[in-house]
Amino acid sequence: MELSNPIAVWLVLGLLLMLSEIIVPGGIVILLGAACVIVASALALGIIEGFVQSMTLWFMASMVLLLSFRHVTQRLVGGDAHVANTDEEVDLYNQVATVKEAIGPGQQTGRIHCLGSDWVALGDGTEIKVGAKVRIICRDNIGFVVEPIIDSI
């Protein structure tokens, strides 16, 4: 096979793209490879000739295949599709944190340790000592508003 044979080049490129769907799943690459095979067929039948016509047909065939069969290949190939919580603050509410730097009294901020990081925290006006457990109520800018957890023993 020589590189000057455009039919062979388009056919090999199409087959390589189709095989690469194994590595890059998602249903797009296989359709791009199918468009290459369409171009190779059109060149072999003499419907088109030349590089510009080949690229134009490949682009148009790719668009038609992608718009027409993307949902079919997506269903067959599958993929990782899940819906996660998009409001990250919901995950923070009611989290238990440890006080690293005393909070309060009044509007005096301190620091808490939660979710693997230290954060600025504001209490309910009372003094919350170092080592105490607190519950996150809400977020205030880049810090948290917390309340002390009262042990019910």
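**View 1. Ile-137 is a partly exposed residue of the predicted model.** Its relative accessible area is 38%. Partly exposed falls between buried (under 20% relative accessible area) and exposed (over 50%), with a 1.4 Å probe and protein chains only. Ile-137 sits in strand E4. Strands (E, at least two residues) and helices (H or I, at least four) are DSSP runs, numbered from the N terminus. Ile-137 touches Tyr-93, Val-145, Val-146 and Glu-147, leaving aside residues up to four places away in sequence. Contact means heavy atoms within 4.5 Å. Leu-92 is 45 residues apart from Ile-137 along the chain, yet their C-alpha atoms are separated by 8.4 Å.

**View 2. The largest nonpolar core has twelve residues.** Such a core is a set of buried Ala, Val, Leu, Ile, Met, Phe, Trp, Tyr and Cys residues, joined through side-chain atoms within 4.5 Å. Members include Leu-92, Ile-112, Ile-136 and Phe-144. Strands E1 (96-101), E2 (110-114), E4 (133-140) and E5 (143-148) each supply at least two residues of this core. Another core, of seven residues, lies apart from it; Trp-10 and Cys-36 are among them.

**View 3. Phe-144 touches Leu-92, Ile-112 and Ile-136, among others.** Its contacts also include Trp-119 and Arg-139, again leaving aside residues up to four places away in sequence.

**View 4. Residues 12-45 carry the UniProt annotation "transmembrane region".** The entry is unreviewed, and annotations may be inferred rather than shown by experiment. The span is 76% helix and 0% strand, and its end C-alpha atoms lie 17 Å apart.

**Notes.** Residues are numbered from 1 along each chain as its sequence is written, and side-chain values use heavy atoms, without hydrogens or water. In this predicted model, local features need pLDDT of at least 70, side-chain atom pairs count only at pLDDT 80 or more, and totals for chains, interfaces and linings use all residues.
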